[in-house]
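Work through the exercises below with the sequence and the coordinates open. Try each task before reading its solution.

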Amino acid sequence: MAEKTYRVTGMGCEACVARVTRAVSALDGVSRAAVDLKQETLTVEYDESKVDFARLRDAVDNAGYGLEEI
């Protein structure tokens, strides 16, 4: 399992946090996703054999936000 933190762009409220959290948590291989609105970050624990940055970014993009490596 890997744990990494990424920058999330485009969030403005708690509903945004919920959308990003749901989108990332739905990915097979993600065991934990925590979004911090104030810091604009996503900390995610995941199985690197099932999930990579591209899959995380696509999930966040599909939810309407951006994801950047820090």
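**Exercise 1: a residue in strand S3**

Threonine 41 is buried, with a relative accessible area of 13%; buried means under 20% relative accessible area, exposed over 50%, and partly exposed in between (1.4 Å probe, protein chains only). This is a predicted model: local features need pLDDT of at least 70, side-chain atom pairs count only at pLDDT 80 or more, and totals for chains, interfaces and linings use all residues. Residues are numbered from 1 along each chain as its sequence is written, and side-chain values use heavy atoms, with hydrogens and water left out.

Solution. 
- Step 1. Strands (E, at least two residues) and helices (H or I, at least four) are DSSP runs, numbered from the N terminus.
- Step 2. Take contact as heavy atoms within 4.5 Å.

**Exercise 2: the next residue**

Task: find whether leucine 42 is buried or exposed, then find its contacts.

Solution. 
- Step 1. Leucine 42 belongs to strand S3, residues 41-46.
- Step 2. Its relative accessible area is 0%, so leucine 42 is buried.
- Step 3. Not counting residues up to four places away in sequence, leucine 42 touches Lys4, Thr5, Tyr6, Val8, Val24, Ala33, Ala34, Val35 and Leu67.
- Step 4. Arginine 22 is 20 residues from leucine 42 in sequence; their C-alpha atoms are 12 Å apart.

**Exercise 3: two loop residues**

Task: describe glutamate 40 and lysine 50.

Solution. 
- Step 1. Glutamate 40 lies in the loop between strand S2 (30-36) and S3. With a relative accessible area of 34%, glutamate 40 is partly exposed.
- Step 2. Check the backbone. Phi of glutamate 40 is near 55°, a positive value in a residue other than glycine. Most residues other than glycine have a negative phi.
- Step 3. Lysine 50 is in the loop between S3 and H2. Its relative accessible area is 41%, so lysine 50 is partly exposed.
- Step 4. Beyond its neighbours within four places in sequence, lysine 50 contacts Asp28, Gly29 and Arg55. The C-alpha atoms of lysine 50 and aspartate 28 are separated by 6.9 Å, across 22 residues of chain.

**Exercise 4: an aromatic pair**

Task: how many aromatic pairs does the structure hold, and what geometry results?

Solution. 
- Step 1. Rings of Phe, Tyr and Trp (its six-membered ring) pair if their centres lie within 6.5 Å; planes under 30 degrees apart count as stacked, over 60 as edge-to-face and the rest as tilted.
- Step 2. There is 1 aromatic pair. The ring centres of tyrosine 6 and phenylalanine 53 are 5.4 Å apart and the planes stand at 35°, so the pair is tilted.
- Step 3. Tyrosine 6 is in strand S1 (residues 2-9) and phenylalanine 53 in helix H2 (residues 53-62), so the pair ties together parts 47 residues apart in sequence.
- Step 4. Tyrosine 6 and phenylalanine 53 are both buried.

**Exercise 5: the whole chain**

Task: give the order of helices and strands, then the overall dimensions.

Solution. 
- Step 1. The protein has 2 helices and 4 strands. Along the sequence they follow β-α-β-β-α-β.
- Step 2. The C-alpha trace spans about 30 × 20 × 15 Å along its principal axes.
- Step 3. Buried residues make up 39% of the 70 residues.
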